[in-house]
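This report looks at charged side chains: how they pair, and where they gather. Keep the model in view while reading.

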Amino acid sequence: MSDAALHYLRPGTLQLAALPPLALYVHLPWCLKKCPYCDFNSHEGQGALPEARYLDALCADLEAALPLVWGRRVHTVFIGGGTPSLFSPDGIARLISDIRARVVLAPGAEITLEANPGTFERERFKAFRAAGVTRLSVGVQSFDDAALHALGRVHDAAQARAAVTEAREAFDTFNIDLMYALPGQTLDALQADLDAALGFAPPHLSIYHLTLEPNTLFALHPPSLPDDDLASDMLDLIVQRTAAVGLARYEVSAFAQPGHRCAHNLNYWKFGDYLGLGAGAHGKISFPHRVLRQVRWREPALYMQHALAGDAVSNQTEVSRADLPFEFMLGALRLADGFDLAQFTERTGLPLSTVMATLESAEQRGLLTLDREGPAGMAARVRHTVRGFDFLSDLQSLFLPVQGRAVAAEAGLRPVTLPRPR
């Protein structure tokens, strides 16, 4: 075992009885065009992509990381971006083959690829399926040409429909990715987008509230967006329409038919581990006595240079005991079904006493309920109330360290939006 792995196995302040499930995130950072709302680590491709060199770098990155996850099974793989469907099916096949050669994938492991209609070519999605992808996530965002133009997307509504049609033919499980509260969007316009999306009978629908993120073009030149009241009405419409066709809201921004929930994202929300490979990728790796966060070099050229030299990680930090409750609750409280309270100790290594006072305070505020099914009336499961789901950001902020919580308390309750997960 490497010196780095032995270093992280030394005694520490936490006590994790078992390590959580492990997932793999692979970041392919190039796009045809940078969208004005996007704050992801994505870069407009200039000429031919360095596909082979980047795949070499990913392979070297994974090999260097193996000592930290040695012997652990990988349950899901998510290939995100950027626009991963810019890579050739042969390139994606090589990537999946390289992963299988170096880690043990669980039987039937979910392997998701993000794709955009602007990169759609007939039969291309079927080629991704043949390469080993099991689940496609199509970044439609809207089926309205005017909305797509306002969002700076490179595809039009006809391409969006063609891409989803091909995804439905090629994959048993696929996701349509939409956004709402778009520039100038009305309730009727959202209704039309939902009509179009639900007309494909998707097994999974993700839908996010457009937010103005720092360091984006929209932040510098803000468009006119629906106000909070209209955005709230839009969310109500989304919940009603999805429920009517059997898409259950299992997470704040995700709706699925039975058996089609995104296992990779569920692992995030349940504070599972994930090894992040690729330019700017983030990762979380647990050890018996500590939880580690890693970040890869951000710029693609710099990432490839460092990864090929065996040094892909630009920085890493150990998550402090004070930050662990908030990090856990940030994901767990997104789940519509709630979570077993015992999982807090299993995933953080902290005793329940760390969060019980805050949970009880949130219960008194009407934001969640504690199902007292455990021994001697101890709380066994946490569930939100309707109010807690509506004000999710405020519920999560209660678990910030003391200084952050005081600031959050002064801000007052704000209706939840559905930002895209990072």
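Is Arg 72 buried or exposed? Arg 72 counts as buried, because its relative accessibility is 15% and the cut-off for buried is under 20%. The model is a predicted one.

## A buried pair

Arg 72 forms a salt bridge with Asp 273. Their closest N and O atoms are 3.0 Å apart. Arg 72 sits in the loop between helix 2 and strand 4, and Asp 273 in strand 11, so the bridge ties together parts 201 residues apart in sequence. Asp 273 is also buried, at 0% relative accessibility.

## Partly exposed pairs

The salt bridge count comes to 16. One of these joins Glu 63 and Arg 102, with the closest N and O atoms 2.8 Å apart. Glu 63 belongs to helix 2 and Arg 102 to helix 3, 39 residues apart. Both are partly exposed: Glu 63 at 41%, Arg 102 at 25%.

Glu 327 and Arg 293 also meet in a salt bridge, at 2.4 Å from N to O. This pair links helix 12 to strand 13, across 34 residues. Glu 327 is partly exposed at 23%, and Arg 293 at 22%.

Shared partners build a network. Asp 56, Glu 63, Arg 94, Asp 98 and Arg 102 are joined in it by salt bridges.

## A negative surface patch

Asp 227, Asp 228, Asp 229, Asp 233, Asp 236 and Asp 390 gather in a patch of negative charge on the surface. Helix 9 (residues 228-244) gives the most to it, with 4 residues. Asp 229 lies in helix 9. At 60% relative accessibility, Asp 229 counts as exposed.

Note on methods: Residues numbered from 1 in each chain as written. Predicted model: local features only at pLDDT ≥ 70, side-chain atom pairs only at ≥ 80, totals over all residues. Heavy atoms only, no water. Patch = residues over 30% accessible without salt bridge, like charges linked within 9 Å, V, L, I, M, F, W, Y side chains within 5 Å. Areas by Shrake-Rupley, 256 points an atom, 1.4 Å probe, with all protein chains shown as cover. Salt bridge = Lys/Arg side-chain N within 4 Å of Asp/Glu carboxyl O. Lys, Arg positive; Asp, Glu negative; His and termini not counted. Charge placed at Lys NZ, Arg CZ, Asp CG, Glu CD. Helix = DSSP H or I, 4+ residues; strand = E, 2+ residues; numbered from the N terminus. Buried < 20%, exposed > 50% of the residue type's maximum accessible area, 1.4 Å probe, protein only.
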